Amino acid sequence: MEQTPKANRVHIGFFGRCNAGKSTLINMLTDQPVSLVSEVAGTTTDPVSKSMEILPLGPVVITDTAGIDDTSELGALRTGKSEEIIKKINIAVYVLRNDEAPTADDMMWLNKLKQNNVPIALFINEINAFDSESTHDNDSNGNDTNPNYVDAYPDLSAIATVVGSTDFTSNRDRLALLDLLGGLTPLDVEGEQSLLQGLVDPGDTIILVCPIDSAAPKGRLILPQVQTIREILDHKGLALVCQTEELPTMLNKLSQKPKLVITDSQAFEAVNALTPADIPLTSFSILMARFKGKLQDLVTGVKALNNLKPGARVLISEGCTHRRQCDDIGTVKIPMWLKKKGHTDLQLEFTSGGAFPKDVSGYDLIIHCGACMLTRREVLRRIDCAVVQGTPIVNYGVLIASLHGILERAISPFMDELDRKGFEC
């Protein structure tokens, strides 16, 4: 927890043909041997990721991918993995060699990136060595002032956001290339939005209810709890943390009521009963829904609960992978609460981690976790996938609040925002 979580970093994907120099470039930019480098085509088989800092972007994750023209026995699987990366990254780096013309495959993949609205940095690998006295000079912004390669292929400049070229085996232009990346505006990042945007002012007291049960990670809090504590501190607020049973004692010890109570969703029912009605209440999962995705779509999706019929297909999807416990929220508690509400004959299916079906049209409802381990781009993609295919989608916090009859209270801190978007509770 000492480093910025991957889900909160800008994700940069590196693409290009086999032996274009992607891995060499990554090793040069990171100043570390992140990726294997070899003259043998297809050295990079699966996506390889490395976290680092690129200013002014801040914390990033860079991902090396297999060559787009991998013709090995497993080539189709490898390029399939690369296509999945496109849906998750915020910036793309496409690598070409100055001694080879761009191919139809290059243009196809560049257009795939453009169609996904991913900003593209086109980096040209200058294979022929030259010294610092050559005509290859860089301007003050790190852009090549003699981009003969791009001039020869004008379609490239129409696709790429920025262009840089250098000998990837030399560190001479490393800072210039990092400046090019740092100057790009990434796609689908949180920006200035925060978990507690507009909810806490300096001096406000926020109570966080964090149950410690068998599913809680040993020796630490879960990521949304840690992020929320940090944001309260950033806003100069007061963060008070307790378990469910200790909430009445904490409330009684306060001379003024707290601005907000935030609970783990699985304790919603108990915390709702223990929290006076005049104190706003929500959950970490609902905060994450607002922060990462589209709260309006997720709240709208919960209405599908009333239409679930016996035999309905329901997908329960989690963004992380962990060992399931006897009281696991996704595989145990949510199915139990659904049964208590009369949904006793549902076809439940489960996915975790990066797995999420491309075709969700056959489901009657998707129940998604708070997505603290996924990037905002990935969460938005999953929500849009469901909405476009006409499948209702809801997240854990919204669903649990609805099942316990407290949805209106749980989303009340955000009603002004939802009203502005035309939502009716």
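Me: Start with the whole chain. What share of the contacts with a separation of 6 or more is between residues 24 or more positions apart?
Reply: This is a predicted model. In it, residues 24 or more positions apart account for 75% of those contacts. A contact here means heavy atoms within 4.5 Å.

Me: How many helices and strands are there, and how much of the chain is buried?
Reply: The chain has 16 helices and 14 strands. Of its 425 residues, 51% are buried. The chain exposes about 19900 Å². Carbon and sulfur atoms supply 49% of that area.

Me: Why is Gly164 called buried?
Reply: Its relative accessibility is 0%. Buried means under 20%. Gly164 therefore counts as buried.

Me: Where does Gly164 sit, and what is it in contact with beyond its neighbours within four places in sequence?
Reply: Gly164 belongs to strand S6, residues 162–166. Beyond those neighbours, it touches Leu122, Phe123, Ile124, Leu177 and Leu180. The C-alpha atoms of Gly164 and Val95 are 9.9 Å apart. Along the chain, 69 residues separate the two.

Me: What makes Thr263 buried?
Reply: Its relative accessible area is 0%. The cut-off is under 20%, so Thr263 is buried. Thr263 lies in strand S9, residues 260–263. Leaving out neighbours within four places in sequence, its contacts are Val209, Phe268, Val271, Leu281, Thr282, Ser283 and Phe284.

Me: Why is helix H1 said to be largely enclosed by the rest of the structure?
Reply: Count its buried residues. H1 spans residues 22–30, and eight of the nine are buried, so the helix is largely enclosed by the rest of the structure. The buried ones are Lys22, Ser23, Leu25, Ile26, Asn27, Met28, Leu29 and Thr30. Just after H1, Asp31 has a positive phi of about 60°.

Me: How do the axes of H1 and helix H6 cross, and what is that arrangement called?
Reply: H6 covers residues 174–182, and the two axes come within 9 Å and cross at roughly 95°. Angles of 65 to 115 degrees count as roughly perpendicular. H1 is therefore roughly perpendicular to H6.

Me: Which residues make that contact of H1 with H6, and what classes are they?
Reply: H1 supplies Leu25, Met28, Leu29 and Thr30. H6 supplies Arg174, Leu177, Leu178 and Leu181. By class, the contact has six nonpolar residues, one polar and one charged.

Me: Now helix H12 and helix H14. How do you know whether they are roughly parallel or antiparallel?
Reply: Look at the angle. The axes of H12 (residues 329–340) and H14 (residues 396–403) come within 10 Å and cross at roughly 30°. Under 35 degrees counts as roughly parallel, so H12 is roughly parallel to H14. The crossing is left-handed.

Me: Which residues make the contact of H12 with H14, and how do they divide by class?
Reply: From H12 come Ile329, Gly330, Ile334, Trp337 and Leu338. From H14 come Tyr396, Leu399, Ile400 and Leu403. They divide into eight nonpolar, one polar and no charged. Gly counts as polar.

Me: What makes H14 largely enclosed?
Reply: Seven of its eight residues are buried, so H14 is largely enclosed by the rest of the structure. The buried residues are Tyr396, Gly397, Val398, Leu399, Ile400, Ala401 and Leu403. Gly405 follows H14, with a positive phi near 70°.

Notes
Residues numbered from 1 in each chain as written. Predicted model: local features only at pLDDT ≥ 70, side-chain atom pairs only at ≥ 80, totals over all residues. Heavy atoms only, no water. Axes fitted to C-alpha atoms, helices over the stretch in contact; angles between N-to-C directions. Helix = DSSP H or I, 4+ residues; strand = E, 2+ residues; numbered from the N terminus. Parallel < 35°, antiparallel > 145°, perpendicular 65-115°, else oblique. Left-handed = near helix turned anticlockwise from the far one by under 90°. Buried < 20%, exposed > 50% of the residue type's maximum accessible area, 1.4 Å probe, protein only. Areas by Shrake-Rupley, 256 points an atom, 1.4 Å probe, with all protein chains shown as cover.
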